[in-house]
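Try each task before you read its solution.

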Amino acid sequence: MFPPTHPQYSRSGTVCDPVARCGLIGVDNETALQHVPAAMTTLELDGEHAGGQFLRNALALSVLESRPIRIENVRGDRPTPGLAHQHLAVLETMAELIDADVSGADHGAETVAFDPGTFRLAGGEYAVDIGTAGSVTLLFDAVLPLATVLESPLSLTVTGGTDVAWSPPLDYTRYVKLPLLRRFGLTAAIECERRGFYPDGGGRATLHLAPSEIEPLDAPSLVERPDVAGLRVYSTEAAALAEQDVAHRQAAGALNWLGLESVGAENPDTQSALDECEVVEQIETTAASACPGSAIVLRLESEDGVPIAGCNALGERGVPAERVGEDAADAANRFLAGDAAVDRHLADQLLVFLALASGRVRVPAVTDHVDSSCDLLESFGVPVERVGEGTGATAVVAVESGDEVSEVGGV
């Protein structure tokens, strides 16, 4: 039993006898990190200029490379540095899944050591309670890359915040990120039992993950954005807000702002960047939750139905539901005004998958998040190139398997 400050766990999975692994990260024998000797050496990392994504990626890479790590200045660029509850939950979950040795697993800790040892990840059923409205989707984000070393299906049920600030809403992960990654070999899906909003949390969702082999992220659409032909709307309200029709008003606010109408309706004559776009799906959900809250996700997709980007907004006390929908529409307009092939969430969260399989992605900008994540990959020996960095426009982040990054045009 963990102390009260720790997330609570239960599991029915097992961890098999240890075996040695090597060369999991990289694109071939020449570029892969040859980590058999390095596995005996702890990799020292500094999170002074990074946030929680640096921690999540570092833990995933540590597991994939069987490389012990020590992180100082955890979340050093945040107003309150150190492990918050959601980050502690990620650390404890990763340790639980592979029976890793951990030190510094305390709320507020600014130095963490994690030694994955050698293992097989056998799958099974696990449950985690973050204990606050900490992000469920960001915990799932840390676990997804482990599908490449998973031996049998794994189910991870997490209780916490499903739709909270500073993280992708649940429907973004379900309907934007996972469908995109499934194109490249990831086998994963999410079920939602209950929504969790700030401040009470209490949401409950299950990630189903199966053994997967990730293919190179080399689709042209990840570099040169295709035309947006379809829009899907996912608008959710807590049951406490059903009488105010919040989910419908959010959806209507977004569509009106974009100059679009609901599924099957004729679009008005507008100059919107999406005025030729078809609203192919509109789902309005009333969900059980511990406290009031709402969220909306807009999925932009290509003519063949492939997700391009997700734009979202969360309801706030005192903000009309229509305005929340307009905020999501504003995010869509900002995305379309640029040349990026993926949105800001994917720009950061796809980098570990680039390390696993190679590929290239045109991101909105090399933000501090993206920059620190690229630096982290380089610390693990992954050959990352950033083309167009510092130009004020989009940039291509690439892990190459032979082609020259300089051949990418339009940067």
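**Exercise 1.** Find which ring lies under the charged end of R323.

*Solution.* The charged end of R323 sits over the ring of W257, 5.4 Å from its centre. The test asks for NZ of Lys or CZ of Arg within 6 Å of the ring centre and within 35 degrees of the ring normal. Next, look at R225: its charged end lies over the ring of F335, 4.8 Å from the centre.

Before going on, note that this is a predicted model, where local features need pLDDT of at least 70, side-chain atom pairs count only at pLDDT 80 or more, and totals for chains, interfaces and linings use all residues. Residues are numbered from 1 along each chain as its sequence is written, and side-chain values use heavy atoms, with hydrogens and water left out.

**Exercise 2.** Classify the pair formed by the rings of Y175 and Y234.

*Solution.* Start with the rule: rings of Phe, Tyr and Trp (its six-membered ring) pair if their centres lie within 6.5 Å; planes under 30 degrees apart count as stacked, over 60 as edge-to-face and the rest as tilted. Here the centres are 4.1 Å apart and the planes meet at 10°, so the pair is stacked.

**Exercise 3.** Is Y234 buried or exposed?

*Solution.* Buried means under 20% relative accessible area, exposed over 50%, and partly exposed in between (1.4 Å probe, protein chains only). Y234 has 3% relative accessibility, so Y234 is buried.
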